[in-house]
Amino acid sequence: MEALYYFVLAAVIATFGISWAVRTAIRELVNEPEKKENIQTKMFIKVAVVEAIPIILIIFGFINLSSSNSDVILPLIIVGAVTILNIIFIYGTSSEITNDLNTPGDLKSAVKTLTMMGVTLVLAIPTIAVVACFTVMNS
């Protein structure tokens, strides 16, 4: 496999997995707001488990990066599209709750906090993939 596609695969797995973990945590928070700390802890554990395979793929990608000579446009488009799609998924789940007039203010604040943490986590692996693409472009 071409080295850049290790990074693409890592980004796809990480963004969909982290997006799923965050959206699940948001839904759980709505059902049981009194267990906020427990829900956040479970979310971070899920994120850590989801990121295990992408981290291994990133290592394989960097190992094989010196022999890479492929075009970087398609990997960048895939990583960008997948990242944007999953951020939209997270914001969609969040906006369902925050736009509800019956949702208490403290719950809205907790959902917004989880949303921001989730978006930040979703951006981590794709950022590494983009840096790898630019590394190949400059070599």
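Analyst: Lys42 lies in helix 2 and Glu28 in helix 1, so the pair ties together parts that are 14 residues apart in sequence. Helices (H or I, at least four residues) and strands (E, at least two) are DSSP runs, numbered from the N terminus. Please keep in mind that this is a predicted model, in which local features need pLDDT of at least 70 and side-chain atom pairs count only at pLDDT 80 or more, while totals for chains, interfaces and linings use all residues. Residues are numbered from 1 along each chain as its sequence is written, and side-chain values use heavy atoms, with hydrogens and water left out.

User: How many salt bridges are there by this rule, and with which residue does Glu28 form a salt bridge at 3.9 Å?

Analyst: The count comes to three. Glu28 also pairs with Lys46, their closest N and O atoms being 3.9 Å apart, and here again distant parts of the chain are linked, since Glu28 is in helix 1 and Lys46 in helix 2, 18 residues apart. Another salt bridge joins the side chains of Glu32 and Lys35 at 3.3 Å, N to O. Glu32 counts as partly exposed at 31% relative accessibility, and Lys35 does too at 38%; the term covers values between buried (under 20% relative accessible area) and exposed (over 50%), with a 1.4 Å probe and protein chains only. Through shared partners, salt bridges join Glu28, Lys42 and Lys46 into one network.

User: Which side chain of opposite charge is nearest to Arg23?

Analyst: Arg23 has its place in helix 1. The nearest side chain of opposite charge is that of Glu96, 8.5 Å away, so by the 4 Å cut-off Arg23 has no salt bridge, although it is buried. Leaving aside neighbours within four places in sequence, Arg23 is in contact (heavy atoms within 4.5 Å) with Phe89, Ile90 and Thr93.

User: Which residues touch the most other members of the largest nonpolar core?

Analyst: A nonpolar core is a set of buried Ala, Val, Leu, Ile, Met, Phe, Trp, Tyr and Cys residues joined through side-chain atoms within 4.5 Å. The largest one here has 37 residues, and Leu4, Phe7, Ile18 and Leu29 touch the most other members. Two or more residues each come from helix 1 (3-31), helix 2 (36-50), helix 3 (52-64), helix 4 (73-98) and helix 5 (105-138), with helix 1 giving the most, 14 residues. Not counting residues up to four places away in sequence, Leu4 touches several residues, among them Leu65, Val72, Ala132, Cys133 and Val136.

User: Which residues make the nonpolar surface patch?

Analyst: Phe16, Ile84, Leu85, Ile88 and Phe89 make this patch of about 430 Å². Patch residues have over 30% relative accessible area and no salt bridge, like charges being joined within 9 Å and nonpolar side chains (Val, Leu, Ile, Met, Phe, Trp, Tyr) within 5 Å. Helix 4 supplies the largest share, four residues, whereas Phe16 is found in helix 1 and is partly exposed at 34% relative accessible area.

User: Is Ser94 buried or exposed?

Analyst: Ser94, found in helix 4, is buried, with a relative accessible area of 6%. Not counting residues up to four places away in sequence, Ser94 touches Ile26, Val111 and Thr115.

User: How many helices and strands does the protein have?

Analyst: There are five helices and zero strands, and the C-alpha trace spans about 55 × 25 × 20 Å along its principal axes. Of the 139 residues, 42% are buried. Among contacts between residues at least 6 apart in sequence, 87% join residues at least 24 apart.

Definitions and conventions. Accessible areas come from the Shrake-Rupley method with a 1.4 Å probe; for residues, only the protein chains shown count as cover. Lys and Arg count as positive and Asp and Glu as negative; His and the chain ends are not counted.
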